[in-house]
Amino acid sequence: MEKRADHPFGEKDRWVTVAPPGDSLSLSLRPADDEHRAGVDTGIQFGSTDVRATAEELIARGVRFTEFPAEQSWGSWRGEFADQDGNTYVLYDRLTD
């Protein structure tokens, strides 16, 4: 991901937008607060054509997997990782586009 925007607002908040290089899809992030708590299942899933290799690359970059990717009963691969605030995300086997 590359940072596309970083906008401070209020006294201590900021809004950061990231996106895959060269892609028009972006993701906007902001710090958790009393209304938007950290440490939740985000429901966000990232697809990869090689889940194990992607997981190893993420681990090398310091990402903490709470559930290392494994083959599931339906034949696909799936794992779960967390960010520094404890929010969780899924890494799954993108079999087709």
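User: Which residues are linked with K3 and R14 in a network of salt bridges?

Analyst: Happy to walk through that one! Keep in mind that this is a predicted model. To read such a network, look for a residue that takes part in two pairs. Here D6 joins K3 and R14 in one network of salt bridges. D6 pairs with K3, where the closest N and O atoms lie 3.5 Å apart. D6 also pairs with R14, and there the closest N and O atoms are 2.7 Å apart.

User: Is D6 buried or exposed, or partly exposed?

Analyst: The general idea is to compare the relative accessible area with two cut-offs: under 20% is buried and over 50% is exposed, with partly exposed in between. D6 has 31%, so D6 is partly exposed. R14, at 39%, is partly exposed too. K3 has 56%, so K3 is exposed.

User: What does R4 form a salt bridge with?

Analyst: Good one to look at next. The partner of R4 is E2, with 3.0 Å between the closest N and O atoms. R4 is partly exposed at 37% relative accessibility, and E2 is partly exposed at 31%.

User: How many salt bridges does a search of the whole structure find?

Analyst: Six in total. The protein has 11 positive and 19 negative charges, and their mean positions are 3 Å apart.

User: Let's turn to the inside. Which residues make up the largest nonpolar core?

Analyst: Here you look for buried nonpolar residues joined through their side chains. The largest such core has six residues: V51, A55, F65, F81, Y89 and L91. Helix α1 (51–60) and strand β7 (88–93) are the elements that each give two or more residues to this core.

User: What pattern does the protein follow along the sequence?

Analyst: Read the elements in order and you get β-β-β-β-α-β-β-β, from one helix and seven strands. The C-alpha atoms fill a box of roughly 50 × 30 × 25 Å along the principal axes.

User: And how many of the 97 residues, in percent, count as buried?

Analyst: That share is 23%.

Technical notes: Residues are numbered from 1 along each chain as its sequence is written. This is a predicted model: local features need pLDDT of at least 70, side-chain atom pairs count only at pLDDT 80 or more; totals for chains, interfaces and linings use all residues. Side-chain values use heavy atoms; hydrogens and water are left out. A salt bridge is a side-chain nitrogen of Lys or Arg within 4 Å of a carboxyl oxygen of Asp or Glu. Buried means under 20% relative accessible area, exposed over 50%, partly exposed in between (1.4 Å probe, protein chains only). A nonpolar core is a set of buried Ala, Val, Leu, Ile, Met, Phe, Trp, Tyr and Cys residues joined through side-chain atoms within 4.5 Å. Helices (H or I, at least four residues) and strands (E, at least two) are DSSP runs, numbered from the N terminus. Lys and Arg count as positive and Asp and Glu as negative; His and the chain ends are not counted. The place of a charge is taken as NZ of Lys, CZ of Arg, CG of Asp or CD of Glu.
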